[in-house]
Every structure is written in C-alpha cells, then in structure tokens.
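Visitor: Hi! Could you walk me through this one before I set anything up?
Guide: Happy to, here is the model.

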Amino acid sequence: MKKLLIYFLPAVLLLSMASAVQSQDAKATTAPVQAAGHITGIGGIFFKAKDPKTLAAWYRDVLGMPLEAWGGAMLRYDAPQHPSLLTWSAFPAATKYFAPSNTDFMINYAVDDMDALILRLNVKGVDILKRDDTDANGRFAWILDPEGNKIELWQSKVKASQ
C-alpha cells in the first residue's frame with residue numbers, strides 16, 4: 001500500500017482537532033521551563049491515501065499547496081500572515097466534529113486569504129460544508145478532500161507578527 005508523504009515544518013499547519021481554536025492570547029502565557037526530553041512541535045504529518053499522487057495534485061491545484069519534486073510539501077514557519085500557534089487536541093472516539101468524514105483525524109490549514117481561497121474552491125467545484133466568519137479566533141471553512149478527509153481552513157484574526 002502506498003503512503004502519501006506530506007511533510008510540514010512545525011507550526012506550519014494548524015492541526016486543530018478542537019471545536020475552538022486556541023486564542024492568540026495564549027502566546028502571552030509563559031510556559032513553565034521543562035527539562036530536556038519533551039515535544040517542541042509538529043515536525044510532519046504523514047497519512048495513507050488510496051491514490052497519493054492524485055491526492056497530492058488535488059492539494060496543489062485546489063488548495064495551492066506548494067509541492068516539492070518528491071511529492072510532499074514543506075511549508076515554512078515564517079510564512080506571511082501565518083499564526084504563531086499550533087493546536088493539538090484529542091477528541092472522544094464518538095465525536096461528530098469530523099463528520100461527514102469517517103476518518104479519525106482532521107487537519108486545520110492556516111490560510112492567508114479566506115475569501116480568495118473560497119473563490120478558488122468554488123471555481124474548482126469544491127463544496128463548502130460550513131463557513132463561520134464570526135468566531136473570535138478568526139474565519140473558518142470546512143471541506144472534504146477527494147478521499148473524504150475533512151479539512152478545516154482557518155484565517156486568524158490576529159496577524160502572525162503580533
């Protein structure tokens with residue numbers, strides 16, 4: 001079975017498996033000093049796909065994911081307008097938050113311009129499952145990729161440099 005390798009540098013994507021994305025105010029909170037030997041961030045996201053090449057091309061052509069020659073993507077920490085936080089959260093097995101997907105995960109991708117991306121999705125014929133422009137943490141939209149993985153798109157209200 002082939003695996004789709006999509007590699008993201010830490011904090012490039014916002015892996016939000018939470019119903020509410022952590023507020024940018026959390027940046028101001030000082031974390032306790034930890035001894036060596038702990039997780040510092042997300043170094044990559046790796047998942048299986050029925051057709052890795054076709055799925056990677058969809059992410060490139062529809063979502064604008066900049067693919068490398070090896071088939072995955074390396075997104076930068078310091079991309080313009082990228083949020084400085086990454087949310088990690090485990091959900092109960094019975095959650096409906098990932099519906100209508102049957103997969104056990106959902107990736108939240110930070111976006112630079114929700115309106116431009118929604119227009120692009122409409123042109124490409126991608127159904128928008130839901131949209132929320134009223135959340136205190138920013139603007140959200142949810143879609144499914146061609147293999148049925150639910151994707152959460154997020155544009156932060158707070159600029160990354162703040």
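Visitor: Before that, what kind of model is it, and which pLDDT limits apply?
Guide: It is a predicted model, where local features need pLDDT of at least 70, side-chain atom pairs count only at pLDDT 80 or more, and totals for chains, interfaces and linings use all residues. Residues are numbered from 1 along each chain as its sequence is written, and side-chain values use heavy atoms, with hydrogens and water left out.

Visitor: Thanks. How many helices and strands are there?
Guide: The protein chain has 2 helices and 6 strands, in the order β-β-α-β-α-β-β-β along the sequence. Helices (H or I, at least four residues) and strands (E, at least two) are DSSP runs, numbered from the N terminus.

Visitor: And what share of the residues is buried?
Guide: Of the 162 residues in the protein chain, 41% count as buried, meaning under 20% relative accessible area with a 1.4 Å probe, protein chains only.

Visitor: Which residues touch the most other members in the largest nonpolar core?
Guide: In that core of 24 residues, they are W58, Y59, L63, L121, I143, I151 and L153. A nonpolar core here is a set of buried Ala, Val, Leu, Ile, Met, Phe, Trp, Tyr and Cys residues joined through side-chain atoms within 4.5 Å. Two or more residues come from each of β2 (45-48), α1 (52-63), β3, α2, β5 (138-144) and β6 (150-156). The biggest share is from α1, with 5 residues. Another core, of 6 residues, lies apart from it and includes Y97, F140, W142 and W154.

Visitor: What is L63 in contact with?
Guide: Leaving aside neighbours within four places in sequence, L63 is in contact (heavy atoms within 4.5 Å) with W58, L117, R120, L121, I143 and I151.

Visitor: Let's pick L117 from that list. Buried or exposed?
Guide: L117 counts as buried because its relative accessibility is 9%. L117 sits in helix α2, and its contacts beyond four places in sequence are V62, L63, V111 and L153. The C-alpha atoms of L117 and G64 are 8.8 Å apart, though 53 residues separate them along the chain.

Visitor: New topic: what lines the largest pocket?
Guide: Its lining has 23 residues, with L63, G64, A110, V111 and D112 nearest the centre. By class there are 16 nonpolar, 3 polar and 4 charged residues. Helix α2 gives the most, with 3 residues.

Visitor: How much space lies in it?
Guide: About 550 Å³. A pocket is an open set of points on a 1 Å grid over the protein atoms alone, with protein on both sides within 12 Å along at least five of seven lines; a cavity is a set where a 1.4 Å probe fits but cannot get out, and lining residues have an atom within 4 Å of a point.

Visitor: How many cavities turn up, then?
Guide: The search of the whole structure finds 1 cavity of 30 Å³ or more. Its lining consists of F47, Y59, F105, I107, Y109, D145, N149, K150 and I151, and β3 and β6 each supply at least two residues.

Methods: Points joined across faces, edges and corners; volume = space filled by probe spheres on them. Nonpolar A, V, L, I, M, F, W, Y, C, P; charged D, E, K, R; others polar. Buried < 20%, exposed > 50% of the residue type's maximum accessible area, 1.4 Å probe, protein only.
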